[in-house]
Each structure stands twice: as C-alpha cells, then as structure tokens.
Amino acid sequence: MPNPKRKMSKTRRDKRRTHYKATAPSMGTCSNCGELKLTHHACSSCGYYNGRSMFIPKN
Amino acid sequence: MRHRVRGRKLKRTASHRAALLKNLSAALIKAKRIKTTLAKAKELRTFVEPLITKARVGDLHSHKQIMDLIKDKDTVKELMSNVIPTVGDRPGGYTRVVKLGRRLGDAAEMAMIELVDFNEVANAKAAANKEKKSAKAESKKKKNEVEDANVVEETTSK
C-alpha cells in the first residue's frame, strides 16, 4: 500500500490550517427596537419582522 | 440525476413522514401558529395549503377527503367552521413562515409557521397602512382636482 514518505511537520500542518476560519453571521439592526438581529429572521428581543410584529416574546 | 425531485425526506420513512405532516397540520389548524424546524415548516406548507383549498369547496366529498387526511374530527370541525370563513377568498398563500434563529442543543434552524389570516397584530398594522395609503391617494386626488379647477377658471377669465 502506498504511504506518506515523511512525517508532516507541525509547521506545515499549522500552515494548512491557517485557512480554517469561522465566518461571522450577517447581522443587522432591528427597525423596531434597534437591537442586533440576524438578517431575514424575526427579532429575538421584540418579535418584529419586516416592520410588523409577528409574535410577542415570552420573556 | 436529480431532475424534478421535489420535497424533503426529513430523515423519515414514507409512513413516518405522512404521519408527521398530518400531526403538524392538525396542530397548525388548532393553534393557528406553531414553532418547528425550518425544514418541517417549509414542507408543511406544501401539505396544508392544498388541504385548505380543498376544504373551501365545502361539500360532503371534500369533507370526507380531508377527514381522510387529518383523522381528527375536532380538527376538521375547527377547519371547516372557523378557519375557512376567516380565510375568505384569499387565492392561496394561507401560511407564513418566519425564521426564528437556531435552537440550543442541536443548532437546528427554527421557524414559526402561522395562518396568515389569524395574525391579528400583523393584520391590524397592514390594515392601518392600507388606510393611510388610500387617504394619501385621496388627498392627492383632491389637490389635483383643485389645481385643475384653478386652471379652468384662469382660462375662462381670460
């Protein structure tokens, strides 16, 4: 069976991993309460979406 | 090839999936608004909307067909006596899906699905906006009429 000839050095391994990054979710501000909210989602603090109240949050 | 492949399997067997959709639609008709995962909410639309359209026919045959889909008598009664009159002559699009963010535990995308005609908060706002718009349009019309009248007077005086 073919196998790697050399051990991968820590540097090489870590260099490859420099591109493994998390992306931040796209956020916007709620038009009703100004709180930070996920785009295309109902506002988690006031329940508004698209300028209209969709539901009243429980707490 | 995946030509014309529609719908989601939701990781269930055909019978399990059918049962799930029946239960979800019964819950939606009873509660008018339910919270579930986004995939289930979107899949539910394709199940309830034709069902409501079918219920609007209102004869014995359609009643039996719906009874065959949702096995619960009380739910069908609620659908026929309460939901259908409120829906009125809306040409489809009886439901609304709004994303709610991810669930703690398994990070599943959650959504709220509701019957559009039963959201009193959103409907009141929409009605108010409509009134405002029509009032605006009317005042504009009046303004134009007044201007027209002025023009006519001017031309006649000359």
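The legends below describe close-up views of a predicted model.

**View 1. Overall make-up of chain B.**
Chain B holds 5 helices and 3 strands. Along the sequence these elements follow the pattern α-β-α-α-α-β-β-α. Chain B has 158 residues, of which 32% count as buried. Among the contacts in chain B with a separation of 6 or more, 57% come from residues 24 or more positions apart.

**View 2. Helix 1 against helix 2 in chain B.**
Two packed helices are described by the angle between their axes and the distance between the axes. Helix 1 of chain B spans residues 14-31, and helix 2 of chain B spans residues 38-57. Their axes come within 10 Å and cross at roughly 75°. Angles of 65 to 115 degrees count as roughly perpendicular, and helix 1 and helix 2 of chain B are therefore roughly perpendicular to each other. On the side of helix 1, the contact is made by B:L20, B:L21, B:K22, B:L24, B:S25, B:L28 and B:I29. Helix 2 contributes B:K40, B:E43, B:L44, B:F47, B:V48 and B:L51. By class, the residues of this contact are 9 nonpolar, 1 polar and 3 charged.

**View 3. B:S25 in helix 1.**
B:S25 lies in helix 1 of chain B. Its relative accessibility is 0%, so B:S25 counts as buried. The side chain of B:S25 reaches the backbone oxygen of B:L21 at 2.9 Å. Not counting residues up to four places away in sequence, B:S25 touches B:L44, B:F47 and B:V48.

**View 4. B:L24 in helix 1.**
B:L24 is placed in helix 1 of chain B. With a relative accessibility of 13%, B:L24 counts as buried. Leaving aside neighbours within four places in sequence, B:L24 is in contact with B:I34, B:T36, B:K40 and B:L44. B:G58 is 34 residues from B:L24 in sequence, and the two C-alpha atoms are 22 Å apart in space.

**View 5. Helix 2 against helix 4 in chain B.**
Helix 4 of chain B covers residues 73-87. The axes of helix 2 and helix 4 of chain B come within 10 Å and cross at roughly 95°. Helix 2 and helix 4 of chain B are therefore roughly perpendicular to each other. In this contact, B:L51, B:I52, B:A55 and B:R56 of helix 2 meet B:L79, B:M80 and B:I84 of helix 4. The residues divide into 6 nonpolar, no polar and 1 charged.

**View 6. B:L51 in helix 2.**
B:L51 is found in helix 2 of chain B. Apart from neighbours within four places in sequence, B:L51 is in contact with B:I29, B:I66, B:L69, B:I70 and B:L79. B:I70 is 19 residues from B:L51 along the chain, and their C-alpha atoms are separated by 9.5 Å.

B:K32 sits in the loop between helix 1 and strand 1 (33-37) of chain B. B:K32 is buried, with a relative accessible area of 13%. The side chain of B:K32 makes a polar contact with the side chain of B:E78 at 2.4 Å. Not counting residues up to four places away in sequence, B:K32 touches B:A27, B:E78, B:N82, B:V83, B:I113, B:E114, B:L115 and B:F118.

**View 7. Cysteines of chain A.**
A disulfide is a covalent bond between the sulfur atoms of two cysteines. The structure holds 0 disulfides over all chains. A:C30 is in no disulfide, and the nearest cysteine sulfur, that of A:C46, is 3.6 Å away. The cut-off for a disulfide is a pair of cysteine sulfur atoms within 2.5 Å. A:C30 is buried, with a relative accessible area of 5%. A:C33 is likewise in no disulfide, and its nearest cysteine sulfur is that of A:C46, 3.6 Å away. A:C33 has a relative accessibility of 35% and counts as partly exposed.

Notes:
Residues numbered from 1 in each chain as written. Chains lettered and ligands numbered in written order. Predicted model: local features only at pLDDT ≥ 70, side-chain atom pairs only at ≥ 80, totals over all residues. Heavy atoms only, no water. Axes fitted to C-alpha atoms, helices over the stretch in contact; angles between N-to-C directions. Helix = DSSP H or I, 4+ residues; strand = E, 2+ residues; numbered from the N terminus. Parallel < 35°, antiparallel > 145°, perpendicular 65-115°, else oblique. Contact = heavy atoms within 4.5 Å. Nonpolar A, V, L, I, M, F, W, Y, C, P; charged D, E, K, R; others polar. Buried < 20%, exposed > 50% of the residue type's maximum accessible area, 1.4 Å probe, protein only. Polar contact = N/O pair within 3.5 Å; in protein donor to acceptor, adjacent residues only side chain to side chain.
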